[in-house]
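Take a moment with the model below.

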Amino acid sequence: MDIWINLNGKFVKKKEAKISIFDHGLLYGDGVFEGIRSYRGRIFCLDEHVKRLYSSAHFIMLKPPLSLEEMKKEIILTVRKNQLQDAYIRVVVTRGEGDLGLDPEKCPRASYFIIADKIELYPSEIYERGLELVTVSTRRNPTFSLDPQVKSLNYLNNILAKIQGKKAGCIEAIMLNQEGWVLECTGDNIFIVENGTLVTPPTFVGVLDGITRDVVMKLAKQLGIPCSEEVFSCYRLYNADECFLTGTAAEIVPVVKIDDREIGSGKPGEITERIKKEFQKVTRKGTPVYETGKG
Ligand code: PMP
């Protein structure tokens, strides 16, 4: 079935959804994006995602061609147009068409597009058996170069780490910062469990302030599971009782082996499973796609 793409506010078929080869999003990765999920016809954490998109855009001095509220409406309309219940939504704002130089001032109008399609997760056995990871030598971009808080179209840092991970036989890879502290994976945040406490790296060390990460920290609080943001090394990672990843696309993924060391029992942990269950419950509370608004 063909899908409808929202290209600058107009619905076009996938084949007709085209942007200029002079768009700086393509020429230089000059743009920002978000990945959002809808569950059973409800968009999960819509406000948080759109806010982060606009914060990323603000940081790179890119003005989206519509307001934050208008963008939310366009996202809802796009899911509705494609009659989707469970969707992965990609929202992209690019600098727009310019000349061959870097100068963004030569790009008079930013562009945006929204894709709502079926979800793509890791294979289901990963969620049951757990994931094996490696740490890679590609360091995460330092905050003082390109702040990892900015979800820019420039994901080469993460792609290089992904390539390294895959060459080592793993589908995700753990990235460290320049000092060797554990940061995050190429597209997911990381948590460890130590003596019943959740620990995740603080955002100031250079990790994306993940929306799923935030939801998990709130859920932990509700469940009475202590959670702290701490800088930690591979030593603590290898010796943790449990480990899991969080991300919009991946949700909650148990990790059972890192750099050939078993984590805890080598099976998905008890606290990880509790968090996973609670997370599934909370995803039902998103913004309804089919009950409000025009379209
Ligand atoms: N880290 C990176 C580098 C990511 O790209 C993502 C996915 N957006 C995440 C973490 C997880 O963030 P979220 O829970 O907001 O999807």
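The paragraphs below go from the overall fold to the ligand and its surroundings.

This is a predicted model. Begin with the overall build. The protein has 8 helices and 16 strands. Its C-alpha atoms fill a box of roughly 55 × 45 × 30 Å, taken along the principal axes. How does the radius of gyration compare with that of a compact globule? For 295 residues, such a globule would have a value near 19 Å. The protein has 19 Å, so the two agree.

Now find the ligand. It sits in the largest pocket. Around the ligand stand 18 residues. The closest are K151, Y155, E184, T212 and T248. By class, this shell has 9 polar residues, 5 charged ones and 4 nonpolar ones.

Which elements supply at least two residues each to the shell? One is the strand β9, residues 182-185. Another is the helix α6, which spans 211-223. The strand β13, at 242-247, does this as well.

Next, look at single contacts. E184 is among the closest residues. One of its polar side-chain atoms lies 2.6 Å from a nitrogen atom of the ligand. T248 is also among the closest. Here a polar side-chain atom lies 2.5 Å from an oxygen atom of the ligand. I211 uses its backbone instead: an N or O atom there lies 2.7 Å from a ligand oxygen atom.

How much of the ligand's accessible area does the protein cover? On its own, the ligand has 380 Å² of accessible area. The protein covers 95% of that.

Technical notes:
Residues are numbered from 1 along each chain as its sequence is written. This is a predicted model: local features need pLDDT of at least 70, side-chain atom pairs count only at pLDDT 80 or more; totals for chains, interfaces and linings use all residues. Side-chain values use heavy atoms; hydrogens and water are left out. A residue is near a molecule or strand if one of its heavy atoms lies within 4 Å of it. A polar contact is a pair of N or O atoms within 3.5 Å; within protein, one must be able to donate a hydrogen and the other to accept it, and residues adjacent in sequence count only if both atoms are side-chain atoms. Accessible areas come from the Shrake-Rupley method with a 1.4 Å probe; for residues, only the protein chains shown count as cover. On a 1 Å grid over the protein atoms alone, a cavity is a set of points where a 1.4 Å probe fits but cannot get out, and a pocket is an open set with protein on both sides within 12 Å along at least five of seven lines; lining residues have an atom within 4 Å of a point. A molecule sits in a cavity or pocket if more than half of its atoms lie within 2 Å of its grid points. Helices (H or I, at least four residues) and strands (E, at least two) are DSSP runs, numbered from the N terminus. Ala, Val, Leu, Ile, Met, Phe, Trp, Tyr, Cys and Pro count as nonpolar, Asp, Glu, Lys and Arg as charged, and the others, Gly among them, as polar. The radius of gyration is taken over C-alpha atoms; the globule rule is 2.2 Å times the number of residues to the power 0.38.
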